[in-house]
Each structure stands twice: as C-alpha cells, then as structure tokens.
Amino acid sequence: MKIKSLLIANRGEIAIRIIKTAREMGIRSFVIKTAKEPNAWYLEEADEIIDFSDNFDEAIPEFLDIERIIKSAKKRKVDAIHPGYGFLAENPDFARRCEEEKITFIGPSHDAIYRMGHKTIAKELARKHGVPLLGGSPGAVRDAEEARKIANQVGYPVILKAAAGGGGRGMRVVSKEKDIDRMFTLATNEAAKAFNNPDVFLERFVREPRHIEFQILADKHGNVVHLGERECSIQRKHQKLLEESPSAALDPALRKKMGEAAINIAKSVSYYSAGTVEFLLDVDNSFSFMEMNTRIQVEHPVTEMVTGIDLIEQMILIAEGEKLPFAQKDIKLNGWAIEWRINAEDVQSGFSPSLGTIEKISWPESDNVRVDTGVRDGSVITPYYDSMIAKLIVHAETREKALQQSSLAIRKFWIKGTKTTLAFCRAVLQNSNFRKGNFNTSFLSKELKLHYHNEPDEALLAAFFATYDYAREINENEEKPLHTENGKSISPWVLKKRLR
Amino acid sequence: MARAAKKKQSTKLIALSATNKAYEFKKPLEKKIKYQGKEVDIKLHEDPKGFSYIVWKNKKYMLDVIEKKQNRYTIVVNGVWHSFSVETPVSLKRKRYLEQQADSSSAVSIEAPMPGKIIDILVEEGAEVKEGEPIIILEAMKMQNEIISHITGIVKSISVKKNESVMKDDVLMEIQKG
Amino acid sequence: MDVKGKNFTRFLERQQAHNVQHDARAEAKQHSKGKLTAWERLDILFDEDTFEEVDAFVTADKSDTGFGKVQQAFGDGVIIGHGLIRGRLTFAYAQDFTVMGGSLGSVHAAKIMKIQDMALKMGAPIVGLIDSGGARIQEGVASLAGYAGIFHRNVQSSGVIPQISVILGPAAGGAVYSPSITDFVFMTDQTSYMFVTGPNVVKEVLNEDVSFNDLGGAGVHSKKSGVAQLVFPDEENTLMGVRQILAYLPSNNMENSPEMELSADETSDVEERLREIVPDDPNKPYDVKDVINLMVDKRSFYEIAENYAQNIVIGFGRLDGKVIGIVANQPKVLAGTLDINSSNKGARFIRFCDAFNIPLLILEDVPGFLPGIDQEHSGIIRHGAKMLYAFADATVPRITVILRKSYGGAYCVMNSKNLGGDFNFAWPTAEIAVMGPEGAVAILYRKELGASDDPIAMKKELAARYRNEIANPYVAEERGFIDEVIDPAETRLKLIRAFEALETKHVDNPARKHGNIPL
C-alpha cells in the first residue's frame with residue numbers, strides 16, 4: 001500500500017533529511033510549525049505546514065503532543081508519520097495510536113519499541129537469545145539502598161542508567177559507595193524530567209570500552225540484515241561527538257560475529273524497519289549487548305555513505321510492506337566515512353550551550369563532503385531544542401584520506417555568531433592516537449589534554465582583530481563631523497518657541 | 001598661559017588576554033604588526049558572504065567578534081575564542097597597579113554559565129567548600145548540570161533560591177577565598 | 001619691549017614658577033594610584049590644543065588661621081578654562097589632586113563658580129572633573145560657603161546648559177551634591193567613589209566595616225543607587241565617553257542637538273529583521289535593545305544608566321542623523337514591568353530631553369506595574385506618577401510605538417495619545433487592554449468558569465478570544481487612540497517622517513512659576 005503523504009513529527013536537520021527522500025519518492029511532506037521557531041528552515045522545505053504555533057503552553061511541548069499530532073494527521077488525511085529521532089520516536093504509545101488510527105508509522109511495531117525500550121526486558125531477551133551481557137540489576141532499582149547492595153555485589157565502578165531512554169540523560173557513573181545516594185537522586189530526577197519515567201537500572205561499568213553499534217534493516221516479512229558497524233566511542237558524558245564507519249577495531253570475523261548477534265536481537269522482537277543495536281567492546285574483543293535503539297539515529301549518514309543505501313527510503317519502503325531488495329551477502333562496506341557533529345557549544349567552558357543567532361554559515365561543496373543541517377543564515381539556536389548546528393560527513397577510500405579530507409572540510413567550515421565545537425574537532429584530528437584508530441570511550445577525559453585546538457599565531461591574530469576593531473570604532477566616533485545650527489537660518493515659528 | 005608641553009597622543013594600543021599576555025600594536029589602523037622582530041602586513045579581508053578573514057602564512061583564518069562590551073572583546077578565530085581587553089599604555093599601567101592592590105582575600109562570585117532553573121543548592125551560607133566540590137544543581141537544556149566551585153573557601157552569601165530561574169552570568173553565590 | 005629686560009624676565013620667571021608646580025613627582029604619585037593628572041585628563045577631554053586656562057595664578061588668601069598653615073599654590077588646586085570638544089565651545093573645571101589633595105577652599109570654589117558663570121553666559125556645556133579630598137578644613141565655613149555657591153549655580157544652570165560631572169577620584173560629604181544636580185554623572189571603575197558619609201564615620205557611628213568601593217564605588221552607584229549613569233573601566237574611556245555624549249546634546253536650551261551624517265553603510269529604511277524580534281507569544285522575552293539597534297542609525301544608540309533599573313532602557317540615538325531620546329520597556333527584565341526605580345530613571349531622562357529640545361521615542365511593551373507589598377509601601381504610586389507627569393509636561397515631539405503588551409495604567413503612563421503623544425503607532429503584535437487577557441476573563445466570566453468542568457481549558461479559550469477581539473490594536477486604531485498599525489519593517493521610515501513633521505512643534509503650557517511634580 002503506497003504512501004503518498006507523510007507527516008514528519010520532528011524539526012531541524014532530520015526533518016529536512018526526511019523531506020529530501022520523500023520528495024525523491026514523490027511523497028507529499030507535512031511538517032509542524034511551532035511558536036518556538038516560527039521561521040525555521042525546515043518549514044520552507046516541506047510541501048505543507050500544520051500550524052501548532054498558537055500553543056504558547058510550555059507544559060505540552062508540540063512535538064510530544066501525541067493526540068494533537070494524530071488528530072492533525074487524520075484531518076489532513078496523511079498516510080504515514082515519520083517520527084525522526086528523539087521526541088516520540090521511541091514512544092510505544094505513539095506508535096500504537098498511529099496503528100489504531102490506521103496511520104502508517106514509519107518505524108517498528110509498538111510492541112518492539114516497548115520491549116526494546118525497556119532496558120531490563122531487552123536484556124532478558126538478549127540473554128534468552130544467547131547474546132552476551134554485562135552484570136547488574138535484573139530490573140529497575142527501587143532506591144539508593146538497593147542500588148548500593150547490587151553495586152557492592154557486582155563491584156565498582158557501576159553505572160546507573162534510565163530504563164526508559166538514552167542519549168546520556170539519566171545516566172551517572174558511580175565509582176565509590178559514598179556517591180551512590182547523590183548519583184541515584186541526580187539520575188532519577190533527570191530521567192523523570194527527560195522520559196517521564198524515573199526508573200533507573202544498574203550495570204557494571206566497563207571502564208574503557210569501545211562503543212560499537214550495528215545498523216539493522218528488517219522488513220515485515222522476517223528478513224533482517226545488518227549494514228555494518230559504527231564506531232561511536234568519542235563521547236562526552238555519554239553524548240556522541242563524532243562517529244565513523246567502519247571501526248578500526250573490527251576485523252571481518254568480529255564483524256560477522258557481532259553482526260549476527262545484532263540480527264538475533266532484532267529477531268527476538270520480530271523487528272521491522274531501521275534500528276541500531278549497541279554493544280560495548282572490551283580490549284580483548286569480547287563484546288556485550290547494551291541496548292537497541294528502535295529508531296533512525298543521528299549518525300545514520302556514515303552508514304549511508306559506506307553502503308550507498310538510503311536508510312530513510314528503506315524505512316518508507318518497509319512500512320509500505322515491501323521486501324528488502326538485498327540480502328546480507330549483498331551488503332558491502334566501501335571506503336570510510338566520518339561524521340563530525342558541530343554543535344553550538346562552548347568547548348572552552350566545558351561544552352556549555354552557546355545560544356544565539358547563526359549570523360552566517362558557509363562550507364565548501366565537494367563530492368566527498370556531505371553536510372546535513374537544519375540551520376542557515378539567520379537561524380536562531382534556542383534553549384528549547386538541542387544545540388546542533390550541522391553534521392559534517394566526510395567519505396573517502398581509506399581512513400587516512402578521510403582524516404585528511406576532514407581537516408580540510410573543518411577548516412573551511414565557517415560560522416559567524418556563536419561559539420561552536422569546531423575547534424574540538426580539530427583537536428581530535430591532531431591527536432596521534434585518534435589518527436591511528438587507537439581510542440575508546442575514555443578518549444576525551446584521558447587522551448585529549450586540551451579539548452580545543454589552538455594554533456600558535458591564532459591568539460595574535462585575534463588580539464590584532466580586537467585592537468583593530470576598537471581603534472576603528474574610536475576613529476569613526478571621532479571622525480564624523482557634527483553639524484550645528486551655526487550659519488543656518490531658523491524659521492521664525494521655531495524661534496518664537498525658543499524665546500519663550 | 002604656558003605650561004608643560006603636551007605629549008602627542010600616540011595611537012599605540014595593547015590587547016590584554018585573559019591570561020594576562022599583552023599584545024602591542026603601534027598603529028593598528030595601518031594593519032601592520034610586529035612578528036618575530038619584523039614588521040608584517042596584515043591582509044584583512046571580507047568575503048562576499050560577510051565573513052572577515054585574515055590571510056596568514058598562506059592560510060585563511062576566519063575571525064568573528066562574538067562579544068563586545070566597551071573595550072572588552074571575545075574573538076572567535078577558527079572556532080577557538082579568545083578574550084581581550086583593549087588598553088592604552090596608560091590604562092594598562094593602571095590596570096596592573098589596581099590588580100596589585102586588589103584584596104587577596106576578596107570574595108569570588110560564582111556566576112551561572114547558562115540560563116536555567118536552580119534545582120538544588122548544596123551548600124549553606126557559612127559552609128566550607130573545597131575546590132572541585134559541587135555547589136548548585138542547575139537545570140538547562142533538559143540536563144541536570146552540577147556547578148562546581150573553582151576555589152576553596154567559605155560561602156559568603158547565596159543570591160538565589162530553589163526553583164528560581166536564572167540568566168547567563170547571574171551571580172549565584174559568593175565564596176570568600178581562604 | 002626689551003626681551004632681556006626686567007619686564008619680560010619677570011614674566012618668564014612667573015611662568016616657570018607655575019610649571020614647577022606640575023612636576024614629575026606629583027604626576028608619578030597620581031599615576032601610582034592608577035589615576036591621571038588633571039592636565040592629562042583635560043588633554044584627553046578637549047580637542048588637541050584648544051584648551052585655554054583661566055585664572056591660572058589665583059592663590060589662596062595668605063592669612064594664617066592657626067589651625068594648620070594654609071598652603072599656597074597657584075591655581076589653588078583646580079584648573080578652569082574653556083576649549084573645543086569636537087569643534088564646539090565647552091567649559092570645564094578639573095580638580096587637581098596633586099595640589100593640596102584637590103581640597104576645596106574659598107578661592108578654589110570661587111574659580112569653579114567663575115567658570116560656571118561663564119558657561120551660563122556663553123550658553124555652552126560645562127564639564128566638571130572631580131578628584132578632591134573634600135572641603136579644606138582649615139578654611140572652615142568659607143569652604144562650605146564655596147560649595148553652596150557651586151550648588152546654587154548648578155541649579156541656576158539646570159535645564160539651561162548641559163552639565164556633566166565626571167568623578168575621577170574621591171567625592172565625599174557635601175561635594176557629592178553638585179554631581180547629583182548635574183545632568184549626567186560619569187564614574188571610573190575602582191578609582192572613583194562618592195558617598196555622603198565615609199567608611200571611617202560609618203565605622204565610628206555604626207561599627208560597620210565597609211571599604212570605599214563597597215560603600216560608594218562605581219559599581220554601587222551604577223547598579224544600586226542609580227547616582228552614576230555611565231561607568232567605564234578606565235579614565236581614558238570615561239573621558240572619551242563624555243566626548244561621545246556631548247555629540248548628542250545641544251550647547252544650550254535654545255539650540256537643537258547637532259546633526260550627524262549617515263554612515264556609508266546605512267542601508268534602506270526598510271528593515272525586515274524588525275519583524276522577527278518580537279515573538280507572537282506575549283510571554284516570551286526578547287531584548288528591546290535589539291529592536292532599538294535596528295531602528296536607529298547604525299551604531300548610534302548610546303545607552304544611559306545601563307546597569308540600573310534594567311527593566312527600562314533609556315539613551316540617545318539618531319534617526320536620519322538627528323538626535324532623539326529613547327525610552328523603552330525591557331521585556332527580558334522583570335517582564336518589562338514598571339517599578340519605582342525604573343519610573344525614576346525614565347522620568348529624569350524625559351525631563352532632561354524636554355529641557356533641551358530632544359524629541360522622544362517611546363517603545364512600549366509593558367504588562368503593568370510591578371505588584372508587591374514592597375513596591376506599594378515604598379510609594380510606587382507617587383514614583384510611577386513621576387513618569388506620567390514628565391511625559392505630559394514635555395513639549396518636545398513625542399512618538400510612541402507599542403511593540404506588544406500595553407495594559408492598564410502603564411498604557412496611559414507610557415505616553416499614550418491622551419497624555420499628549422504626537423504620534424502613536426502600534427505593531428501587529430500589540431495588545432492594548434485594561435488588563436491582561438487571563439486576568440480579564442477571570443473577572444468577566446467568573447461565574448461561567450466556576451461552573452465549568454474544565455475551567456483551565458475554558459479560560460485559555462476565552463483568553464485567546466479576548467486577545468483576538470478586544471485587545472488587538474485595531475480596536476484602538478478605529479477609535480483613534482492609535483494613529484496607525486504599522487509593519488515593523490517600515491518603522492524606521494515612519495519614524496523619520498513623523499519626527500520630520502514634528503520639527504516645528506510648538507506647544508505652550510499654562511503660565512506658572514513651575515508645576516508640582518510628585519517627588
């Protein structure tokens with residue numbers, strides 16, 4: 001059953017990304033306009049706009065308003081909804097409501113979302129299907145006391161993780177017993193705020209693993225393939241900063257083993273659509289299942305670049321009921337892709353958000369460089385949504401070449417108006433271990449001495465620029481001539497007023 | 001009426017960095033700087049899109065004034081920001097003098113690094129804090145951020161309350177060094 | 001005359017004696033405190049080589065009072081004179097801290113009074129550079145009389161010529177009253193302070209320990225007391241700031257402010273970015289300075305009292321090269337409400353502009369007055385009335401643009417049509433009502449809301465309807481209280497034309513000695 005119209009319940013770069021594929025497939029795209037970003041770029045790219053901007057009530061964020069979104073979709077007779085990532089993408093209620101209202105949900109079944117969304121259920125399924133796991137709490141931890149008990153059993157360090165969501169929120173590492181109470185409170189509070197669910201579970205914390213995830217595509221007919229791995233070990237407080245595909249740590253044998261484990265996870269919930277299975281890879285090449293993300297991910301472009309497959313297109317085809325047009329043996333990874341996330345964050349102040357207006361943004365167009373962004377000249381980075389400016393994806397034949405191209409591309413990526421993480425990207429590129437492919441999740445804290453890259457003369461040039469601007473301003477203020485009334489004739493009417 | 005001859009006002013300006021490094025420029029408007037003992041021309045351009053850049057050693061460096069308040073600047077060059085205050089020779093001397101005079105036991109203010117809501121205040125007035133200790137939980141961009149004290153001392157005064165919304169740079173509390 | 005003869009030699013000797021007074025040691029001492037000497041300050045303030053000193057050789061009376069010898073010095077610790085600032089005649093006095101601590105004796109005071117008289121006679125601005133230890137104790141009541149004479153002339157000149165005080169050192173005791181009467185007070189960070197009673201006396205009488213800076217430094221006066229409107233990090237910038245502000249002011253109350261040519265990069269008068277700044281949601285804050293900067297000539301906005309009562313923004317700007325005074329509510333501070341401090345800040349500025357023929361532009365986005373026991377008990381009633389009085393009494397052209405909210409009494413206060421506003425514009429986002437929609441429907445539909453089973457949703461719907469049908473600016477436009485609802489992008493153009501039309505405005509208030517503004 002062909003999809004002719006698609007509502008994208010998301011914003012920014014992913015909305016634009018989905019619109020692009022929809023357009024190529026001849027599907028009419030609908031987007032939602034909010035009062036928080038009435039002039040956003042994604043609104044202009046879509047075919048139709050559904051206006052939620054009369055909603056000034058912050059209690060119900062527009063992109064989380066399930067009923068209103070479904071109502072609007074029905075009213076406009078939209079065939080399908082794509083949730084993007086974040087927001088309602090992994091909300092089983094939303095998927096279920098779509099199914100109830102006969103709107104095709106571009107994603108997995110609500111049951112798969114629910115089961116994989118609950119970390120404890122997911123782990124149980126993994127165990128049943130023979131996928132390796134880490135030790136920890138069997139389910140959600142009731143309170144700090146129980147957390148302490150299990151932690152003492154499993155052995156420190158441990159990590160508390162939100163049961164209902166990811167992305168670094170509701171996560172805290174506990175290295176010592178005395179920190180458990182404080183960390184438990186922080187983690188549960190954050191989880192409650194972010195996912196409406198304060199449940200956290202506890203796991204042994206592997207100190208310096210690599211974070212490897214596998215992209216899965218499955219159709220409604222039971223066919224499942226993996227599209228290779230993504231290396232996502234460079235993280236800060238569990239937020240990814242850059243990703244690559246493939247990973248320098250995997251050889252074809254390990255890839256096959258992990259890929260099969262990923263496929264088993266997907267099959268355990270009869271998964272269909274796109275999904276990602278996350279693993280932790282230890283130094284001895286042993287791996288353990290972490291969780292499955294039942295949605296399209298931010299870093300999907302790197303997989304697209306090395307496999308040549310349009311994942312959004314596949315998601316739509318799968319939703320239409322099509323069979324996968326390829327088998328595992330057809331999947332080939334060509335070359336190397338790296339994605340650099342460029343956020344409006346102040347690296348020198350601990351990555352704090354740098355809100356404001358992007359006055360101008362420009363990058364060099366090139367065959368090996370792909371830029372996915374929702375931001376253009378004049379866009380405002382607001383505190384209501386994330387601080388992403390753009391994803392800079394570089395593809396080349398080898399990792400070496402990809403690194404070289406990355407250097408050039410980052411250098412030529414110019415942004416005026418906010419502080420960005422570009423200097424961080426440069427710092428990473430300078431690091432010799434990173435260049436050798438020798439790193440894990442401790443990279444940021446251990447390897448990178450300085451989180452931003454500074455060339456020696458840059459301070460001098462900046463000092464000059466400031467001084468020049470100042471001197472010029474003083475000059476301007478002083479130079480402009482003042483025209484007083486001396487010598488001018490003044491009308492008698494005005495004089496009369498002054499002589500009062 | 002005669003008096004001591006007035007000194008010709010020089011155009012020399014000095015950019016003082018946050019780390020107290022002084023960069024001297026004799027005639028900034030002429031776009032010349034002293035580099036490794038020689039006078040070098042600065043090629044400052046504006047590209048058609050409105051970006052300012054300097055061509056230095058055959059590479060382009062993009063520069064942006066991201067913050068400017070009176071004579072205090074924050075410049076971003078190639079993604080890294082640097083803060084300066086632009087001083088005249090006299091005002092620089094004055095600044096150095098005043099820094100010497102500054103009371104070493106004065107209170108340091110802890111400011112909000114970003115706008116958000118105060119979720120929890122972990123210390124009380126009069127309490128001892130150590131460098132590295134968390135003192136306030138600030139919620140922003142849906143994350144709970146711990147604000148860490150960067151000095152050791154005693155909490156002199158707390159200017160915010162639980163559940164209060166704060167803006168960037170708002171003073172949260174003052175800590176007396178020592 | 002024989003250049004080697006007695007007459008000329010004696011002349012040169014006296015010149016030499018005067019030069020010796022300004023020696024390097026005294027200069028070094030002043031510099032070591034982080035301050036400039038009086039001469040250095042005058043050099044920065046005035047155009048190069050235009051300053052002419054007056055009464056350089058005046059000295060204190062030789063009589064010895066017995067309470068400490070009266071030092072004798074040429075000039076008696078203050079330099080007075082005239083010069084050009086950006087080509088315009090300006091008078092100034094600079095107290096010299098290196099001569100007897102800049103203390104004020106009767107001769108010192110007489111010199112200041114002399115220059116004040118001159119400035120008033122010539123109709124030119126006067127700038128006071130204050131750096132003084134205070135009254136000269138040895139001279140007793142003569143010093144005090146000196147101060148009184150200065151204050152008297154400050155008041156005589158008030159509203160006739162612009163008077164600016166620049167505090168570059170101590171100003172204590174009675175000495176602070178002169179600056180507070182003048183139109184603008186400038187201070188330099190860390191090396192200047194003002195207070196009526198110093199830390200020593202505070203310690204003695206109240207046993208409270210406080211430093212000079214904490215009691216009356218630049219920070220205190222720019223943020224807490226509102227006594228200083230402009231603060232700079234060092235003396236050069238402070239004096240350059242004085243030069244800058246004078247460019248916006250006329251030389252006297254009979255002239256208009258000087259005009260300035262537009263910059264080369266001044267673009268068309270249509271500014272589309274103005275449409276994007278004010279959000280449709282009436283509760284979302286924004287920075288009104290962004291609006292101001294896009295409306296006035298590029299880089300021409302000179303803000304005054306930036307750190308005090310930040311819920312109102314005042315300052316000078318230029319439209320098409322001509323100076324205007326701007327009063328704007330600041331929605332991102334206290335939601336833009338008016339309170340005691342902001343009413344005072346606004347009122348004084350309005351009175352200044354009215355005295356000196358500077359037209360007023362009012363940018364309005366105010367939900368009302370700040371509620372609270374504190375405000376009520378401290379007299380928000382009479383302080384709020386100040387601004388209302390100031391607007392109504394002003395005969396300069398006054399134009400209001402309602403950007404967004406304008407409720408209740410605050411609507412009247414901010415230069416409404418019936419208060420004498422010459423042109424009143426509104427943006428499409430304007431909401432003009434007796435009170436905010438939520439409050440209004442709570443009262444009008446109290447019964448219905450009480451009976452409803454979902455009062456919150458009902459209230460929301462009613463508020464939206466109220467906002468749409470009653471609070472919209474078109475109702476006011478149809479009744480003539482708003483002249484025109486305009487496209488924000490065209491505001492600059494509309495304002496330039498409107499002010500041009502008002503150039504010959506002439507209104508006479510009823511004859512009287514003076515009104516009785518609530519104080």
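## Where chains C and B meet

Between chain C and chain B there is 1 salt bridge, meaning a side-chain nitrogen of Lys or Arg within 4 Å of a carboxyl oxygen of Asp or Glu. This is a predicted model: local features need pLDDT of at least 70, side-chain atom pairs count only at pLDDT 80 or more, and totals for chains, interfaces and linings use all residues. Residues are numbered from 1 along each chain as its sequence is written, chains are lettered from A in the order in which they are written, and side-chain values use heavy atoms, without hydrogens and water.

**The interface**

- The salt bridge joins the side chains of Lys69(B) and Glu306(C), at 3.3 Å from N to O.
- On the chain C side, the elements giving two or more residues are helices H1 (6–21), H3 (38–45) and H10 (235–246) and strand S9 (230–232); helices (H or I, at least four residues) and strands (E, at least two) are DSSP runs, numbered from the N terminus.
- In contact (heavy atoms within 4.5 Å) are 28 residues of chain C and 19 residues of chain B.

**The sheet in chain B**

- Here 7 strands form an open, antiparallel sheet in the order S2-S1-S9-S8-S7-S6-S5, where two strands pair if DSSP finds at least two bridges between them.
- Strands S2 (22–25) and S5 (43–46) of chain B are at the edges with a single partner strand each, so one side of each has no neighbour in the sheet.
- Strands S8 (72–77) and S9 (80–87) of chain B run antiparallel, joined by 6 bridges.
- Opposite Arg72(B) you will find Ser85(B), in S9(B).
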